[in-house]
Amino acid sequence: MTNDHFADLKAFLDEKVLKYNQPFFIETDPIQVPKTFSGKENIEIAAFLTATIAWGNRISIIKNATRLMALMDNQPHDFVVNASDFELKRLEHFVHRTFNGIDCVYFVRSLKNIYQNHNGLQMVFETGLRKENTVKAALSEFYNVFFEIGGERSRKHVSNVEKGASAKRLNMFLRWMVRNDKNQVDFGLWEGIPKSALMLPLDVHTGNVARKLGLLQRKTNDWQAVEEVTHLLRNFDPVDPVKYDFALFGLGAFEKF
């Protein structure tokens, strides 16, 4: 990439970040579900569960995530920590694509274990990050902790980066929790993970646009592709590389680039 091409591409992407990293983005995005909550634990649990089912049609994702919050009395943290077995039964009929009631109940039980025995979601991810100073290590730690109480059936719903998964939804969740800027789309609740360490939430839209722009050569949307494209994005902004998620996603989803 020549210096002129680098400068032109950076200017183009910066312009798209300014366009899409705006409050209107929330209106069509699943992030609107955790945006309805206050209190750190409520927000991060709502965000994690919403991100977990964030695949497929976005209208369907938002509708089902909203329904799941209602099943938890719109008090996700209190429900996770205190729900009785009888109250958990109401989750057994929840379905979003292949994520079903069995998965839903396991996710709540595992979150309870995390909040009671591991000091919460933030601490699990930050503990992993400190091991190798990478988000990959944080995601690996989270995967191991999340399944320490069982849940074999539900493993397919949490990406395992040790097996090469791109971890799109978990990286999106981390973007929501960690990024903090004046535009207030993301929450910026977790200060123990620097936004410079974040990895791009790589999906069909962002992957296709990145390839068309010459930011990604790898054909498969896997962890190697995530590392490749994020490495290049750090050249554009080493402090906040994942802000370009707004540009790549917006170009693909809204502009059909």
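Predicted model: local features only at pLDDT ≥ 70, side-chain atom pairs only at ≥ 80, totals over all residues.
The crossing of helices α7 and α8 is right-handed, meaning that the near helix is turned clockwise from the far one by less than a right angle. Helices here are DSSP runs of H or I with at least four residues, numbered from the N terminus. Helix α7 covers residues 121–132 and helix α8 residues 135–146; they pack at an angle of about 130°, with their axes 7 Å apart. The axes are lines fitted to C-alpha atoms over the stretch in contact, and angles run from 0 to 180 degrees between N-to-C directions. The two helices are therefore oblique to each other, since angles under 35 degrees count as roughly parallel, over 145 as roughly antiparallel, 65 to 115 as roughly perpendicular and the rest as oblique.

The residues of the contact divide into 10 nonpolar, two polar and three charged. Ala, Val, Leu, Ile, Met, Phe, Trp, Tyr, Cys and Pro count as nonpolar, Asp, Glu, Lys and Arg as charged, and the others, Gly among them, as polar.

Residues are numbered from 1 along each chain as its sequence is written, and side-chain values use heavy atoms, with hydrogens and water left out.

In the loop between α7 and α8 lies Asn-133. Its phi is near 60°, a positive value in a residue other than glycine. Most residues other than glycine have a negative phi. Asn-133 is exposed, at 59% relative accessible area; exposed means over 50%, buried under 20%, and partly exposed in between, with a 1.4 Å probe and protein chains only.

I turn now to helix α2, residues 40–52, where Glu-44 is found. Is Glu-44 buried or exposed? Its relative accessibility is 1%, so Glu-44 counts as buried. Its side chain makes a polar contact with the side chain of Trp-190 at 2.9 Å. Such a contact is a pair of N or O atoms within 3.5 Å; within protein, one must be able to donate a hydrogen and the other to accept it, and residues adjacent in sequence count only if both atoms are side-chain atoms. Leaving aside neighbours within four places in sequence, Glu-44 is also in contact with residues including Tyr-115 and Leu-121.

Technical notes. Contact = heavy atoms within 4.5 Å.
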